[in-house]
Amino acid sequence: MADVVIEEWRPGQPGSPQLESDLDDLGGILHAVVQGGASVGFVLPFSPAEARSYWTAKVLRSVRNGSRRMLVARVGEEVIGTVHLNLDTMPNQSHRAEVSKLLVHPKARRQGVARAMMRELEAMARELGRTLLTLDTRSGDSAEPLYLSMGYVLAGAVPRYAQAPGGAEYEATSILYKLL
């Protein structure tokens, strides 16, 4: 994909045009991936308003207070992907962080956006002195081979870990880690 820029998301003041546009784009990405069957914490039915609310009610606060760092991938002014680095750990775990919400809009998939964001996120973690990254993903999901190809190690799988997006069943989750 041409002209993809990956940057740390530093939200502006409430009401600023860029913040509102970014929140709309992020809500659109989340809504699209959940509608497409991604297991990222939400179940159907899932409205665009619920998707946007996740960013305003949960993510925005933690990015602003420093417990979460977040990267976005942009084409022009439009956000097409995101990934989070959760830093909110106990004092004896300050060497690690959790990767979460690696999301790429379906229209921008299979073009290296996720891999590029993960490389940037790992560099950010190193700069912050984090030497261990952990993450979980639905077992067998399309993201699992990406993580494995980037040096993440499968620690194991937990059966019935999360409800499927359609809500009818519970699915296994793979737990992975990478030493930086």
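User: What volume does the largest pocket have?

Analyst: In this predicted model, the volume of the largest pocket is about 1300 Å³. Its lining comprises 49 residues, and those closest to the centre of the pocket are Val40, Leu102, Leu103, Ala143 and Tyr147.

User: Which element supplies the largest share of the lining of this pocket?

Analyst: Strand E4 does, with nine residues. Other contributors of at least two residues each include helix H2 (48–64), H3, H4, strand E6 (153–163) and strand E7 (170–179).

User: Let us turn to the cores. How many residues does the largest nonpolar core have, and which of them have the most contacts inside it?

Analyst: A nonpolar core joins buried residues through side-chain atoms within 4.5 Å. Here the largest one has 26 residues, with the most contacts inside it made by Val83, Leu85, Val99, Leu102, Met118, Tyr147 and Tyr152. Among the elements giving two or more residues to this core are strand E3 (78–86), strand E4 (96–104) and helix H3 (113–127). The largest share, seven residues, comes from H3.

User: Which residues does Val99 touch?

Analyst: Setting aside residues up to four places away in sequence, Val99 touches Val83, His84, Met118, Leu121, Leu133, Thr134, Leu135 and Tyr152. There is also a second, separate core of 22 residues, which includes Ala38, Phe46, Val59 and Val72.

Conventions: Residues numbered from 1 in each chain as written. Predicted model: local features only at pLDDT ≥ 70, side-chain atom pairs only at ≥ 80, totals over all residues. Heavy atoms only, no water. Buried < 20%, exposed > 50% of the residue type's maximum accessible area, 1.4 Å probe, protein only. Helix = DSSP H or I, 4+ residues; strand = E, 2+ residues; numbered from the N terminus. Contact = heavy atoms within 4.5 Å. 1 Å grid on protein atoms, 1.4 Å probe; cavity = no way out; pocket = protein on both sides within 12 Å on 5 of 7 lines; lining within 4 Å. Points joined across faces, edges and corners; volume = space filled by probe spheres on them.
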